[in-house]
Amino acid sequence: MELAKQNTQIVTPDSYMQELTTLNLGPTHPATHGIFQNILQMDGEKIVSGVPTIGYIHRAFEKIAERRNFYQITPLTDRMNYCSSPINNMGWWMTVEKLLGVTVPKRAEYIRVIVMELARIADHLICNSILGVDTGAFTGFLYVFQEREKIYEIYEEICGARLTTNMGRVGGMERDLSPVAIQKIRDFLRDFPKVMTEFETLFNRNRIFIDRVENVGPITAERALNYGFTGPNLRAAGVDYDVRVMNPYSSYQDFDFEIPVGTKGDTYDRFMVRNEEIWQSLRIIQQAMDNLPEGPFHADAPEFYLPPKQDVYRNMEALIYHFKIVMGEIDAPVGEVYHSVEGGNGELGFYLVSDGGRTPYRLHFRRPCFIYYQAYPEMVVGTQLSDAIVILSSMNVIAGELDA
Amino acid sequence: MAELTNELLVQTLQEKFGDQLFDMHEPYGLVTVTTTRENIIPMLQALYDDAFLQFQFLTTLCGIHYPDSKGQELGVIYHLHSLVHNVRLRIKIFFSEDDAVVPTATNLYQTANWMERETFDFYGIRFEGHPNLIRILNVEEMEAFPMRKEFPLEDQTREDKINTFFGR
């Protein structure tokens, strides 16, 4: 079926002659996993056209960011793709470091890679297990959520928070990996493959599952690129574009991993690509843990990195820098910088324009969800309602990132 | 095929669109050019069709507001990516607030559809020829364009909320 040629126009003057049903899928619907609405025109069970309405949880992050100094913007990035907030945090810090010209030590970069890959695993686990739930298989979801909980415990050990992590600082991490955190990551690396194998055994060659997802919502590589797809959804269509490899950041060039690609870009390919990426992320974490370099966990950048609290009480310079950083008295260089990281859903970009003040003059987030969700009407036209649900959850649209 | 570097890109751009470009520089390793509103779509088209450059991926498109530069208050910034060469390019256009109309890029890039709607929503830049230019994230009844600088988040001169220590 050639979706590209489908017309996504919704109501035509004679549409009442075709006896179409209008169905509001959302704004709150258990299967949309977030607040967004789709007004579908249905011919029986078949979808004739769909119009998405978004913006239900728009929080004006770009505007708020114009009045906050760099430290206060990380909590905003947390709340974009809240399934993998550490990636957003690190992406933001790397943007700021690029602007300020701070070099991050190797150990901090490796810790960041570990955290980011854990976040990617958590993100993909949610997407794939929820896809299972939407096709009627609840078991896999329960299996892997146990492991996702362990990832959250690792976050907790590293930064103290679980969902909205607000992790890291300009120039590195706020603290080193504790022995408990290292032990927890090692335990996770030991236990997780078993669970993941179990999960894959449940789904990958399951006839019922494959019947529900194969050839559902396919998109060609050309259309996907034209729609600005990135991340697993683009790779499922057969394009091996991955920011980690194309523009390596945070020492990704040190690691040996593969980029899985699909062929058809359908729901099954998206599911399989995410599964394989989980294995590759595990490989990266394993390598990073094995080769974790010694050394400082943050850059020597006293103007931007908060000094340790005990120094603030005893050391004059530390007190001055603490005061200046917290009050936002330190000016950033004038310039504009674009930095992108491979987020859970694709290329997460930060375009930061600085006019030299304490806050960004303009901060634009390239949110992968927002960009590829506009292909959703084209992908659902001609399918059935139950397929529309499956396509939506296989695209991994996160409402927080969609609306920013 | 030769490798496309930033120097080669700058040289090629100058050969192709020499008189249409001004203010060409390279902040943080990303070639940035400014052009005019009239030239932007032919330029995007030429970059898209060029057999060597192949700038066929629109990474992002966003608006910007400089209320102090008279006659050129509003701007649109395009980030292009040549996936074949892995080279990025930033193109900017600036125009007056009173005449905030820009030709649409949706004929080239499907993805520009929502990006342009978002830019319209927040900056009031109208994209001529856009198939469905309505607000996307804000409510349709809204009259203002909230990302413009004339809408500060918090009024600095408020007197009911004196906070000497934090300066806001």
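**Figure 1. Burial and overall dimensions of chain A.** Of the 404 residues of chain A, 51% count as buried. The model shown here and in the following views is predicted. A compact globule of 404 residues would have a radius of gyration near 22 Å, and chain A, with 22 Å, therefore agrees with that expectation. Along its principal axes, the C-alpha trace of chain A spans about 80 × 45 × 35 Å. The secondary structure of chain A consists of 17 helices and six strands. Among contacts in chain A between residues at least 6 apart in sequence, 71% join residues at least 24 apart.

**Figure 2. The three-stranded open sheet of chain A.** The strands of this sheet follow the order S4-S5-S6 in chain A, and their pairing is antiparallel. Strand S4 (334–342) and strand S6 (362–366) of chain A are the edge strands, each pairing on one side only. On average, neighbouring strands of the sheet are turned by 10° against each other, direction ignored. Strands of a sheet pair through backbone hydrogen bonds, in a parallel or an antiparallel arrangement.

**Figure 3. Pairing of S4(A) with S5(A).** Strand S5 of chain A covers residues 347–355. Nine bridges join S4(A) and S5(A), in the antiparallel sense. Within this view, His339(A) stands opposite Phe350(A), a residue of S5(A).

**Figure 4. Helix H3 of chain A against the sheet.** Helix H3 of chain A, residues 85–100, lies across S4 and S5 of chain A. The helix runs at about 150° to S4(A). S4(A), an edge strand of the sheet, is thus seen here together with its pairing partner S5(A) and with the helix that lies across both strands.

**Figure 5. The contact between chain B and chain A.** Chain B contributes 25 residues to the contact and chain A contributes 29 residues. On the side of chain B that touches chain A, the elements giving two or more residues are strand S3 (57–65) and helix H3 (112–123) of chain B. S3(B) provides the largest share of that side, six residues. By class, the side of chain B that touches chain A has 15 nonpolar, nine polar and one charged residues.

**Figure 6. Confidence of the prediction.** Chain B has a mean pLDDT of 88, and 90% of its residues reach 70 or more. For the complex, the predictor gives an ipTM of 0.90 and a pTM of 0.92.

Notes:
Residues are numbered from 1 along each chain as its sequence is written. Chains are lettered from A and ligands numbered from 1 in the order in which they are written. This is a predicted model: local features need pLDDT of at least 70, side-chain atom pairs count only at pLDDT 80 or more; totals for chains, interfaces and linings use all residues. Two strands pair if DSSP finds at least two bridges between them. Helices (H or I, at least four residues) and strands (E, at least two) are DSSP runs, numbered from the N terminus. Axes are lines fitted to C-alpha atoms, for helices over the stretch in contact, and angles run from 0 to 180 degrees between N-to-C directions. Two residues are in contact if their C-beta atoms, placed from the backbone, lie within 7 Å. Ala, Val, Leu, Ile, Met, Phe, Trp, Tyr, Cys and Pro count as nonpolar, Asp, Glu, Lys and Arg as charged, and the others, Gly among them, as polar. The radius of gyration is taken over C-alpha atoms; the globule rule is 2.2 Å times the number of residues to the power 0.38. A residue is buried if 20 or more other C-beta atoms lie within 10 Å of its own, exposed if 12 or fewer, and partly exposed in between; C-beta atoms are placed from the backbone. pLDDT is the predictor's confidence in each residue, from 0 to 100.
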